[in-house]
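Hi,

Here is the structure I said I would pass on.

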Amino acid sequence: MLATTPLRVVAVSAGLSQPSSTRLLADRLAAATRERLAAEQDGRVEVHVIELRDLAVDIANHLVSGFPSAGLREAIDAVTEADGLIAVTPVFTASYSGLFKSFFDLIDHTALTGKPVVIAATGGTARHSLVLEHALRPLFAYLRAVTVPTSVYAASTDWGSSGDEYTEGLPSRIRRAGGELASAVLGRTVSGASRAPGLDDGEDAVVPFEQQLADLRLD
């Protein structure tokens, strides 16, 4: 496939600390997506990471006044014009952070229609991993985006872990999510039985529903 314009991947990180595991996860997902896109098409791939902590005051002012600053407008435009989006939040009180939600509250509910999105989150314990399904996935469904099947949760113990007999390690999940986002950006099917096996899939491309539920509980 020959792309005439660069493919644009935007990652939104709502991490507050510096250095931030949320930013690190956003960077790794962006790198995995860029790698797969570069391997599967001939055009350039541009990656842009938005740090919401740098826009926190601007976001609050916009919520009150209704007028975005130049920097905030640039960030909103980057998200709405991206070919693929990566959204990563730390877990606060068993949900996404207020900063993360406030930013996406500023985006028109039709502006992300059909846009492929990887959702991801970081937290101190694996017990909060279902935040991806009960909070983030419904948020992007409301925004009419298309979330790829694989979401990525990174607990503190996941960094540097290779996984076990029941779950993939964090690097494998990142590669799989990045590959799915790349396929969606290129207009290919990334869910259901019709999807062709990817580089990071096993011999069976279709995971039984019961196994998917088990993976959700253990991920």
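Before I go on, some housekeeping. This is a predicted model, where local features need pLDDT of at least 70 and side-chain atom pairs count only at pLDDT 80 or more, while totals for chains, interfaces and linings use all residues. Residues are numbered from 1 along each chain as its sequence is written, and side-chain values use heavy atoms, with hydrogens and water left out.

**Overall**

The protein chain has seven helices and seven strands (DSSP runs numbered from the N terminus: H or I of at least four residues for helices, E of at least two for strands). Along the sequence they follow the pattern β-α-β-α-α-β-β-α-β-α-β-β-α-α. Of the 219 residues in the protein chain, 44% are buried; buried means under 20% relative accessible area, exposed over 50%, and partly exposed in between, with a 1.4 Å probe and protein chains only. The protein chain exposes about 11000 Å², and 52% of that comes from carbon and sulfur atoms (Shrake-Rupley method, 1.4 Å probe; for residues, only the protein chains shown count as cover). Taking contacts in the protein chain with a separation of 6 or more, 79% are between residues 24 or more positions apart; a contact means heavy atoms within 4.5 Å.

**Back to helix 3**

Its buried residues are Leu72, Ala75, Ile76, Ala78 and Val79. Seen down the axis of helix 3, they fall within an arc of 160 degrees, so they line one face of the helix; the arc is that of the directions from the helix axis to the C-beta atoms. The face turned away from that buried side carries the exposed residues Ala70 and Glu74. As for what the buried residues of helix 3 pack against, the list is strand 1 (7–13), strand 2 (45–51), helix 2 (56–65), strand 3 (84–92) and helix 4 (98–105).

**Aromatics**

There are five aromatic pairs in the structure. A pair of aromatic rings is described by the distance of the centres and the angle of the planes. The cut-offs here: rings of Phe, Tyr and Trp (its six-membered ring) pair if their centres lie within 6.5 Å, with planes under 30 degrees apart counted as stacked, over 60 as edge-to-face and the rest as tilted.

Phenylalanine 100 and phenylalanine 104 both sit in helix 4, four residues apart, about one turn of the helix. Their ring centres are 4.9 Å apart with the planes at 50 degrees, so this pair is tilted. Both of these residues are buried. Phenylalanine 100 also forms an edge-to-face pair with phenylalanine 140, at 6.4 Å centre to centre and 70 degrees between the planes. Tyr96, Phe100, Phe103, Phe104 and Phe140 form one aromatic cluster.

**Threonine 122**

This residue lies in strand 5 (residues 116–123). Threonine 122 is buried, at a relative accessible area of 4%. Its side chain makes a polar contact of 2.7 Å with the side chain of threonine 22 (a pair of N or O atoms within 3.5 Å; within protein, one must be able to donate a hydrogen and the other to accept it, and residues adjacent in sequence count only if both atoms are side-chain atoms). Leaving out residues up to four places away in sequence, the residues that threonine 122 touches include Ser21, Leu25, Thr89 and Tyr153.

**Backbone points to check in your viewer**

- The peptide bond from glutamine 18 to proline 19 is cis, with omega near 5 degrees. Proline 19 is in the loop between strand 1 and helix 1 (21–40).
- Threonine 93, in the loop between strand 3 and strand 4 (95–96), has a positive phi, near 50 degrees. Threonine 93 is exposed, at 81% relative accessible area.
- Alanine 94 has a positive phi as well, near 65 degrees, and is partly exposed, at 37%.

Cheers
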